[in-house]
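Please read them with the structure open beside you.

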Amino acid sequence: MNDIHRLVLLRHAKAERFGPTDHQRPLAQRGRRQASAVGTDLRAEALVPDRVLCSSAARTCQTWDLVRGGLGPAGDDVTVDVSDELYDASPRTIVSLLNELTTERTVLVVGHEPTISVLSVLLAGPTSSPDVVDRVRHGVPTSAWTLVEVSTAWADLDTAGARLRSLRVPA
């Protein structure tokens with residue numbers, strides 16, 4: 001398994017319906033609980049990321065901050081790239097950003113729908129779980145995350161070149 005890279009694709013937690021702008025919408029109280037639970041789940045699954053690619057929207061940054069807290073002390077050492085480009089990124093844009101990575105074993109992308117679900121399905125190769133692919137194809141709820149296993153170098157990641165392994169939706 002040491003040749004496997006792990007990609008966690010996380011939709012931001014539940015946000016307030018309104019904010020000064022869409023980009024500035026903060027997390028709702030429910031979203032704050034969801035994001036903390038995601039961090040705890042990732043820690044329990046040994047999915048502490050080496051790097052995080054996070055949209056610059058308030059709700060994604062707040063989601064990451066609460067996920068990091070749920071990771072415990074290991075969350076303090078994570079390299080985080082907050083990017084305006086991820087706010088409205090296409091799945092192919094995210095693949096391009098992932099292609100630039102080199103040494104990271106586990107990467108977390110904190111983004112938005114429909115990009116998270118479309119990217120998960122786009123990366124799903126023939127060894128992916130058909131049940132998971134079918135569920136994700138219909139979109140993912142707030143704070144849901146998928147686990148994608150990548151058996152190539154990040155630079156070689158392409159569509160249908162990975163294994164969509166699981167979908168988790170915090171209670």
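This is a predicted model: local features need pLDDT of at least 70, side-chain atom pairs count only at pLDDT 80 or more; totals for chains, interfaces and linings use all residues.

1. Helix α3, which covers residues 91-99, packs against helix α4, residues 115-123, at an angle of about 65 degrees, and the two axes lie 9 Å apart. Because angles of 65 to 115 degrees count as roughly perpendicular, α3 is described as roughly perpendicular to α4. The crossing of these two helices is right-handed.

2. On the α3 side, the contact is formed by P91, R92, I94 and V95, while α4 contributes T115, V118, L119, L122 and L123.

3. Within α3, the buried residues are P91, I94, V95, L97 and L98. Viewed down the axis of α3, these buried residues fall within an arc of 160 degrees, and therefore they line one face of the helix. The elements covering them include the strands β1 (5-11), β2 (51-55) and β4 (106-111), as well as helix α4.

4. T63 belongs to helix α2, residues 58-70, and deserves a separate look. Is T63 buried or exposed? Its relative accessibility is 1%, and since buried means under 20%, T63 counts as buried. When neighbours within four places in sequence are left aside, T63 is in contact with L10, H12, A13, L27, A35 and V110.

Key:
Residues are numbered from 1 along each chain as its sequence is written. Side-chain values use heavy atoms; hydrogens and water are left out. Axes are lines fitted to C-alpha atoms, for helices over the stretch in contact, and angles run from 0 to 180 degrees between N-to-C directions. Helices (H or I, at least four residues) and strands (E, at least two) are DSSP runs, numbered from the N terminus. Angles under 35 degrees count as roughly parallel, over 145 as roughly antiparallel, 65 to 115 as roughly perpendicular and the rest as oblique. A crossing is left-handed if the near helix is turned anticlockwise from the far one by less than a right angle, and right-handed if clockwise. Contact means heavy atoms within 4.5 Å. Buried means under 20% relative accessible area, exposed over 50%, partly exposed in between (1.4 Å probe, protein chains only). The arc is that of the directions from the helix axis to the C-beta atoms.
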